[in-house]
Amino acid sequence: MLDILKGPQTWLMEDELYRRFCALVHEATGLSFGENSRFFFEKRVEMRMAAIGVATAREYYQYLLYDSERVAEWDQLITHITTNETYFMREERQLRCFQKEVMPLVWERSAGKRVRIWSSGCSTGEEAYSIAILLREAGLYPENRVEILATDINTRVLAKAKSALYTEAAFRAVDSSFRRQWFAPEGAGLFRLREEIRRRVSFSRFNLFEMDKYNLLLPFDVIFCRNVIIYFDLEAKVKVMERFHDKMRPGGFLLLGHSESLISVTDRFKLIHLPTDLVYTKEAP
Ligand SMILES: C[S@@+](CC[C@H](N)C(=O)[O-])C[C@H]1O[C@@H](n2cnc3c(N)ncnc32)[C@H](O)[C@@H]1O
């Protein structure tokens, strides 16, 4: 329909309240919502208002701040406003570079110590399990010496990740032999990841924007943070990258999504050319 016939857009909340919502969500999660995402954001708020029986957006705002159930409601709101798109072997070239070029370097430097890999913003688990499959395929890294931690802010995707049960959509970038080798059919159109891969990944809730929680983490050799910081504004990116730097062993690697870069964010990681891809590294002293 022509815009002129639709009439002016009516919003759920006044501009000033929308800005306050955005600031509140940003402070809690680092996620950045602006005018372009207003329709999406307001629809999600409306859904949550209906679910808990709150009549106005202003009341819902107060609920998020002061209600005794606010922690549970934040959890719900976050599951509604995060983008969780993912699939197995996403950006395969980069994952192959991890398997064939990054891991041998990390392994050599580890000198018998445990190697720790973090899939931060793991969504429903396809990234972390792809990493586990690649390590298993390489056959060089014994399970008890490599730890894979996968975290996300969204508890609903984490529950799905732990179940390791996937539909066809998760296999859109791999050929059928990948699925046959690592998954067993389970019911109509569902496939469960084999136990030998599942047990290699541990899942946990972690909000990348809760800065004081990073001290609970042990240092990592490789951090994957792919297709996560695109939803953050500059300030949030800077803060999270600072923490990643603190939590990375010298000589460790940071793998971002291919549409993401640290230009104008930080120069603490160095971009290096490996034979098949570009990766960020924390230089060893
Ligand atoms: C688009 S998915 C990316 C999944 C996977 N890394 C990939 O590239 O396929 C982005 C994920 O980041 C998570 N996320 C967003 N903000 C976060 C935060 N502050 N802390 C932790 N995870 C967050 C979302 O819940 C979502 O599951």
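This is a predicted model: local features need pLDDT of at least 70, side-chain atom pairs count only at pLDDT 80 or more; totals for chains, interfaces and linings use all residues.
The contact is made by Val 45, Arg 48, Met 49 and Ile 52 of α3, which meet Ala 57, Tyr 60 and Tyr 63 of α4.

Two packed helices are described by the angle between their axes and the distance between the axes.

| Helix pair | Axes come within | Crossing angle |
|---|---|---|
| α2 and α4 | 11 Å | roughly 25° |
| α4 and α5 | 7 Å | roughly 120° |

Helix α4 itself covers residues 57–66. The axes of α2 and α4 cross at roughly 25°. That angle makes α2 roughly parallel to α4, since angles under 35 degrees are counted in this way. The crossing of α2 past α4 is left-handed. On the side of α2, the residues that take part are Glu 16, Leu 17, Arg 20, Phe 21 and Leu 24. They meet Ala 57, Arg 58, Tyr 60, Tyr 61, Leu 64 and Leu 65 of α4.

Helix α5, which spans residues 70–81, crosses α4 at roughly 120°. The two helices α4 and α5 are therefore oblique to each other. Here Tyr 60, Tyr 63, Leu 64, Leu 65 and Tyr 66 of α4 meet Arg 70, Glu 73, Trp 74 and Leu 77 of α5.

**The buried side of helix α11**

Helix α11 consists of 13 residues, 234–246. At 1.5 Å a residue, α11 should span 18 Å, and the 19 Å between its end C-alpha atoms agrees with this expectation. Which residues of α11 are buried? They are Ala 236, Val 240, Met 241, Phe 244 and His 245. These residues cover an arc of only 165° around the axis, which puts them on the same side of α11. An α-helix has 3.6 residues a turn, so residues three or four places apart point the same way. The cover over the buried residues of α11 includes α2 (15–29), together with the strands β1 (115–120), β7 (220–225) and β8 (248–256).

Glu 126 belongs to helix α7, which runs over residues 126–138. Is Glu 126 buried or exposed? Its relative accessibility is 3%, and Glu 126 therefore counts as buried, the limit being under 20%. Although Glu 126 and Tyr 87 stand 39 residues apart along the chain, their C-alpha atoms are separated by 5.4 Å. Apart from neighbours within four places in sequence, Glu 126 is in contact with Thr 86, Tyr 87, Phe 88, Tyr 166 and Ala 170.

**Two loop residues with positive phi**

Glu 91 is situated in the loop between α5 and α6 (92–110). Phi of Glu 91 is near 55°, a positive value in a residue other than glycine. With 22% relative accessibility, Glu 91 counts as partly exposed.

Ala 111 is placed in the loop between α6 and β1. Its phi is also positive, at about 45°, although Ala 111 is not a glycine. The relative accessibility of Ala 111 is 63%, and Ala 111 therefore counts as exposed.

Technical notes:
Residues are numbered from 1 along each chain as its sequence is written. Side-chain values use heavy atoms; hydrogens and water are left out. Helices (H or I, at least four residues) and strands (E, at least two) are DSSP runs, numbered from the N terminus. The expected span of a helix is 1.5 Å times one less than its number of residues. Buried means under 20% relative accessible area, exposed over 50%, partly exposed in between (1.4 Å probe, protein chains only). The arc is that of the directions from the helix axis to the C-beta atoms. Contact means heavy atoms within 4.5 Å. Axes are lines fitted to C-alpha atoms, for helices over the stretch in contact, and angles run from 0 to 180 degrees between N-to-C directions. Angles under 35 degrees count as roughly parallel, over 145 as roughly antiparallel, 65 to 115 as roughly perpendicular and the rest as oblique. A crossing is left-handed if the near helix is turned anticlockwise from the far one by less than a right angle, and right-handed if clockwise.
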